[in-house]
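Subject: Structure handover

Hi,

Here is the model I promised to pass on.

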Amino acid sequence: DRDDTTAFPFSGEFYTSEIDKTDPMTQWKEKETTIAEVMCDIQENTNSLAGATAKARYEVYVPLDDGADVPVQPGHMFRGTMYGLLVAGKVIGVFPSQVGSFDGKRGYLARVEAIDK
């Protein structure tokens, strides 16, 4: 049905990424730690082209369970797919909300900046 919509149709993951530098440099490996796996809505907010670098900002809307705190902070990373398109980048802002598309529930908006080089 072309008029059928889903409030939070996409899945995504917020995570941190660190390199363990206790080992010799030749053995450094990136370690990811999952902060939250979420059902969300992803919308492109802006995009620009500066030289050979394309930048895009996405807004990731996430509902919260009653009584839950926002687990995401600026500096965390995000990855998810939107209609087969990978959206990945760094969280540059987090905004708690009780309005908008949350249908009276609490939630938050994470602004994610993706850079394609």
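Which residues do ring pairs link into a cluster? They are Phe14, Phe78 and Tyr108.

Before the rest, some housekeeping. This is a predicted model, where local features need pLDDT of at least 70 and side-chain atom pairs count only at pLDDT 80 or more, while totals for chains, interfaces and linings use all residues. Residues are numbered from 1 along each chain as its sequence is written, and side-chain values use heavy atoms, with hydrogens and water left out.

Aromatic pairs

The structure holds three aromatic pairs. Rings of Phe, Tyr and Trp (its six-membered ring) pair if their centres lie within 6.5 Å; planes under 30 degrees apart are called stacked, over 60 edge-to-face, and the rest tilted. One of the pairs is Phe10 with Tyr83, which is edge-to-face, at 5.0 Å centre to centre and 85° between the planes. Phe10 lies in strand β1 (residues 10-19) and Tyr83 in the loop between β4 (77-82) and β5 (85-97), so this pair ties together parts that are 73 residues apart in sequence. Strands here are DSSP runs (E, at least two residues), numbered from the N terminus. Phe10 is buried at 7% relative accessibility, whereas Tyr83 is exposed at 75%. For those words, buried means under 20% relative accessible area, exposed over 50%, and partly exposed in between (1.4 Å probe, protein chains only).

Then there is Phe14 with Tyr108: the ring centres are 6.3 Å apart and the planes are at 50°, so the pair is tilted. Phe14 is in strand β1 and Tyr108 in strand β6, so parts 94 residues apart in sequence are tied together. Phe14 is buried, at 0%, and Tyr108 is buried too, at 1%.

The core

Phe14 and Tyr108 turn up again in the largest nonpolar core, which has 21 residues; Cys40, Ile42, Val60, Phe78 and Val91 are also among those with the most contacts inside it. A nonpolar core is a set of buried Ala, Val, Leu, Ile, Met, Phe, Trp, Tyr and Cys residues joined through side-chain atoms within 4.5 Å. The elements giving two or more residues to this core are β1, β2, β3 (53-63), β4, β5 and β6. Leaving out neighbours within four places in sequence, Cys40 is in contact (heavy atoms within 4.5 Å) with residues including Phe10, Val60 and Phe78.

Strand pairing

Strand β1 runs antiparallel to β2, with ten bridges joining them, and Ser11 stands opposite Met39 in β2. Strands β1 and β4 also pair in the antiparallel sense, over four bridges; there, Glu13 stands opposite Arg79 in β4. Two strands pair if DSSP finds at least two bridges between them.

A few single residues

Arg79 has its charged end over the ring of Tyr15, 4.1 Å from the ring centre. That label needs NZ of Lys or CZ of Arg within 6 Å of the ring centre and within 35 degrees of the ring normal.

Ile35 is in strand β2 (residues 30-50) and is partly exposed, at 31%. Among the residues Ile35 touches, beyond those up to four places away in sequence, are Phe14, Tyr15 and Pro71. Ile35 and Pro71 are 36 residues apart in sequence and 6.9 Å apart in space, C-alpha to C-alpha.

Finally, Glu113 sits in strand β6 (residues 107-116). Its side chain makes a polar contact of 3.3 Å with the side chain of Arg57. A polar contact is a pair of N or O atoms within 3.5 Å; within protein, one must be able to donate a hydrogen and the other to accept it, and residues adjacent in sequence count only if both atoms are side-chain atoms.

Cheers
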